[in-house]
Amino acid sequence: MAGLVPRVRYLANLCSPARGPATGWPHVRSLGSEIFVCTGGRLVYVYNREGALLTAAYEFPAQVWHLELLDRRGALLVLCAGRGLYCLWLDRVSRQASQDAGDSASELPLIPVEPAACILPDTALCTFTALEDVLVTLARSPARWKMQLFEAPTPGKDPGLEAPIGEVELSTCTPLAKEPGGPPFLPVLCCTSLPGSRVPHSFVLEEGLFGLLFGADAALLQSPMILCGLPDGQLCSVLLKALVTSRWAPTDPQALIKILHHLEEPTIFIGALRTEPGAKDMPDMPCDCLVALGHHGRMVAIKAGRDEAGSLVPELREYCLPGPVHCAACGGNGHLYHSTPSGLCMVGLAPEDTLWEAEQPSRGPPSLPPTLCPASLRVCSLAAFCVSPQIPEGDTELLALSTKGHLMICSLVLSPETPHHTQAVTASVGHKIKELLSGIGTMSERVSSLKKAVDQRNQALKCLNEAMNVSCALLSSKEGPRPISCTTSTAWSRLQQRDVFTATCVLENHSAFSLGRGWALCIQVGPSAGAWELDTGVTAVTYTVPVDQLEPGGRREVTLPLAPGEDNTLGLPLTVACALFYSLREVVGGALAPSDPFREPCVGACLPSVLPKQEGICLPLSEHTVDLLQGLRFPGLAMLPASLLSPAPDPVDNLLGEHVEGGTSLRPASLRARYLPPSLAAIRVSAELLRTALQDGHSGLSLCSATLQWLLAENTAVDLVKAQALSSIQGVAPDGTDVHLTILQVAVTDLCPAGPLQTVEIQVESSSLASMCGAHHAIVRRMQAMVVALATQGGSSPPDLRLQYLHQMQANHEALLREVQALRDRLCTEDEAGSRATAERLLQLYSQLRSPSLLLL
Amino acid sequence: MTQQCPLGLSAPPANCLDLWREKNDQLVRQTKVAQDLGLSLRRKRLAQDALEGFRGLLHNLQGLPATVSVLHLELTIICNFITLRTSLAQGFIEDQAQEIQQVLERVLKTREQLQPGMKYRHKELWNSVFGVSILLPELLPALHHLAGLQAAHWLSTDRLGNLTVLLKTLIGSQSGASEDLLLLLKTWNPPAEESGAPLTLQDARGLRDVLLTAFAYRQGLQELMAGSLPRALSNLHEAALGLCPRPVLVQVYTILGTCLRKMGSPQRALLYLVAALKEGSAWGPPLLEASRVYRQLGNTAAELESLELLVEALSIPHSSRTHQLLIEVELLLPSPDPASPLHCGTQSQAKYLLASRCLQTGRAEDAAEHYLDLLALLLDSSESKFSPPPAPPGPCMPEVFLEAAAALIQADRAHDALTVCEELLGRTSSLLPRMPWLWTDVKKGTKESPHCPLWVSATHLLLGQAWVQMGAHKDAISEFSRCLEFLFRTTPKDNGQGPTSHCEREHTSEVTLQQLRAVALVCRGLEWAASGQNTRALQDFLLSVQVCPGNQDASIHLLQTLRRLNRRDEATVLWQKLEAQTELPQENAAWSPPLYLEICLSWIHPSDREALLEEFRTTLQEPCDL
């Protein structure tokens, strides 16, 4: 292949364009010495090559989707998104602003385009093509594409277009969805004709190929054909002469439209090439190869060939070019230029461009090459370009708009030997270096993005491996201390002028692996599974805290408030469950996402299908129950700071208290305390049992104070209790009611035949029934745990008991329980008055159940 | 302006509603002004602006909670919006179903009849809306109007089942009522709006009348196509009696004409067609129908005259009428397909009809002129005057050329025929198979034959006949030979590749191929005979009888040659065969040849066939009697 040497000359700097629904569709067209450029927004710039300056900028009312020039009539036709077709008569408008011109877009005065210039208001128009005398438009209705034929506007007449002189509907297999930001791809329209017919704005196809593609009728009628490439990839042709219709002679789409091919990706470009060299004396040879190019680089080329018998047969080949393709154009010598994000490329379909010719038998005309080799032209990525018509033989000149917004001329000179010495080249050396640098820039950008993707994948794999190790370590260690543990403790602290009951979870990593990205500590705070949950409207709340890199031996502490209820009341007991969660999405998702810097949308849609259904791995660590005993505060213990001793007074209560006369502003709780007898419960445990359970760590203390310490072991006040060796304590529950714990030694006489039994009685007294119950429940829970622990140790045998007494007690309890059950059933069915009496009786029963004081031996 | 009106704070909501209602009235007036502007951009722009105005108002109202006073205005505006949008787009847009559904759900919300989770189907929604609308008498007129628009949409998309259910709901009759839609439409009496109501573009009663006419028209046309003529007739009468704009009346009269022609009353049909012609400017369909009636009556002169008028009528550029900005009858009619009696094609298609009818009825000079006009029309390359070629039921382009050449030969214009044939070959030369074996590879023997379209052979046949007419025997014989060369390489099933024409495959039947071969052989034989080479002639005639045994003309030519060569025995056998054949019913009765082939077949038809046969009978039987 003869090396094409690009020479780039910058003309002007326009604002940066981009392709896509949000930013528009850049275009470059040339007419005489003027270049019309649209960068994708609402502006169309005019650049004069002779004067080397920008002469005008027209401001259209909406984003410009397409523009065409009618050179004989001197009109600029512009399609505005959602508005319709506008027509500017160049001789009229170009004069008015030619004086104040500059070479930069910012200095240029904008010429607003009047609404009166709209010649076809149609919000559904997507593209059009102009054939000097007629216009063909393509509009989308919800389910179909509608092609319409209009007479082109003429300068003297009424500015609007007449009614269409023909129309036909193209069916499409995919329904057209409505996108909010406009369609992601626009259809492509162009026109082709036979050599003799001299149709302007169309490319001329050789008769054989024309007849083969469009049929004998089209060839006989010598009708121009409209070629249409739809965003779904369908390529079809419409016989222009048959498009003329009337109310009484609607077109039959089946007779009119011929589907040529299906690219299966949005069509970006349709054009034609001359691949076989023509005779020297015939410069304007018709094209012998039709090409269409899709967005992702799929290209189809169609040529007419002859089979062995001499009949015409179509020769069709599909190729894959590097994509995504922004724009493309056909040049001379069988070259197709197309621009991708990494730069401008060229492929040659002429036989001399390809090496395969030797293996092909020389019989018959050369056909299409089996593969194409795209060659980079070392020109930066282009947003739009067109092939300049007036250029010397052999060379190609592209009028281009780079993706950075530079309007420039790329001259592609065929002679590879001379470029270094010519004067013209030295003049543009600076530009060339710039271009080279920009080429290097885009290449390095591409390399770095690829590298980034690879790194991301490696990282993800590493993370997955670590996660596997951690999971195995955690799941295999059923016995003994776990390699990764989480402990929970509670405390009162002051936050934002309020006392808050908080839980602190400490995550410790004793394993050999570190917890990296993707791991999170999930803490679920919810009502514990007990009888208590009946009246608490508390639902579980989950806190997720990412674990940022926890090395082996490291620890992480998380403190969170334990007031999940809406009214900020603490529904004790609570369960604090900790678990480790590993998010697959976070780790793998980023690595799987394809990265195309030019087209972001439609990427997100494919991701969830790649990931497994499960979003991650969950490893439970620990579960901790927070009960009332842990939530008690002890204002009577002087060493605590004052603020922590009693709940801070509610400002509203303060206000109320000041304004109510006579100091009668008592809170409901204190009212209750004054007028209702305090609730009381007691539990008796045999002293021996307790002594065995508490033998370690509590030596040298009386059994009573040791018991109290044991009960309050998880409370922050335990040190004070220990210091003062208390056996009775006055505390405040989280809801502000007082709770009195008293521990005495009592001898029980009538139970054991051997004599009085030494027991410890734990009394709970509170003005609030709820607090008393909470405390009682917490104590019982501890006792249960203790008994279970002792039973597993296989401790001392229980003393001799008077069984009858026990039987009596059990029978009493059973009778009471039966009554409770009956009353509760009644409570569901009774009316309000009745239910109040029942409730009172229930309360009595409950206190009876408690008061005979359970005895644990 | 409307958006800035604060709701419920500084101004009471009633004021806001009044403002919006004022805006609605103003938009309706603006649309009516636009209507009178005729076909112009300004009209279109005004109407578009009004449409946007209605859309904006609708958005405002939909933001308010659904109350009766809001809904009254909202229903009116949505009716105006749909009417104007449909009229501007000249058809119903699918997504308006959603808009209607939305407003109906809002109506139900006022009565708290809408279960939030439930998804209503359209039909059921209407049913429940009219179920509660008794409780909302203020909304009834507007609801009926909206129902009318829904009915129009369903009618235009042929969802007649839905339409019946809706109409029954509207009338309030239950299951016992008649299923006859026409009757239901007549019974439906939409309540009138009270005088102070917001303005509408079209009132519900007017819409009902439009629906009635459109339904009768559609039903009549459908029944006509299905062949139940009396029912079609009664429906069409109904349509003609209703509120009918002139262009629609012309159509109804034309279809009535078709219906009566098919029922066998051509005179009554003509009366309707004359009435249609008097009614308006759309002369095409009635003229075409008139030509069919005359053809049925056997009045060729009148038939051709109507066709000539048709061509003229279609040459007048299509002037599009300004549509009213309302739901009109035309909007609800089906678009005519090629099978419809209203399909009259374009000027070139009518011209083709005229030319071919002239050729078929033996008016060769006229036919030739018309064909030349037609070709000029079709091949005129000035862009703005495109003329579409005959559509698929008609011939493909090469066949039009062939018919033109045949007509020219019939009209004794052999020179012109030559020109037409050369033009055809010239324009398609690049598509024709290159035949290397003709000049290079003859010796090599069997080679796969290229596909060659049938019309290429036929062109050579016509060329030969033109040379015959000009007395150039050598040229004629060489054209016939070339024709035969192609014909024997064409296989009818070879329908794979190559540039084909849209209707070619249907005509490349075995029979057509056989007949063409027979004609070509007989023509060449006749030329040999004329130049005195009787043995060669005999060979061709023999072959022609072999390739197409059913063609009696070929047999007669063979018989004559045999007699001329004094081969009496063979002649007797052949004659006996021929006699036996004439007694048998004719084969291929179902096959109708392409028109050009029909003309070619007429060339080999001996004019004095019966006399010849009689002569044979006497001369051949004499020796046997002796």
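Predicted model: local features only at pLDDT ≥ 70, side-chain atom pairs only at ≥ 80, totals over all residues.
Let me start with one pairing: in strand β25 of chain A, the bridge partner of Ala328(A) is His338(A). Residues are numbered from 1 along each chain as its sequence is written, while chains are lettered from A and ligands numbered from 1 in the order in which they are written.

Strands β24 (residues 327-330) and β25 (residues 335-340) of chain A run antiparallel and are joined by four bridges; two strands pair if DSSP finds at least two bridges between them, and strands (E, at least two residues) and helices (H or I, at least four) are DSSP runs numbered from the N terminus. In a regular strand the side chains alternate between the two faces of the sheet. In β24(A), Cys327(A) and Ala329(A) point one way, Ala328(A) and Cys330(A) the other, and all are buried, which means that 20 or more other C-beta atoms, placed from the backbone, lie within 10 Å of a residue's own. Four residues lie between the strands of this hairpin, where Asn333(A) takes a positive phi near 60°.

Turning to chain B, its secondary structure comes to 28 helices and zero strands, and buried residues make up 43% of its 626 residues. Helices α16 (residues 364-379) and α17 (residues 397-410) of chain B pack at an angle of about 145°, with axes 8 Å apart, the axes being lines fitted to C-alpha atoms over the stretch in contact, and angles running from 0 to 180 degrees between N-to-C directions.

Key: Buried ≥ 20, exposed ≤ 12 C-beta atoms within 10 Å, placed from the backbone.
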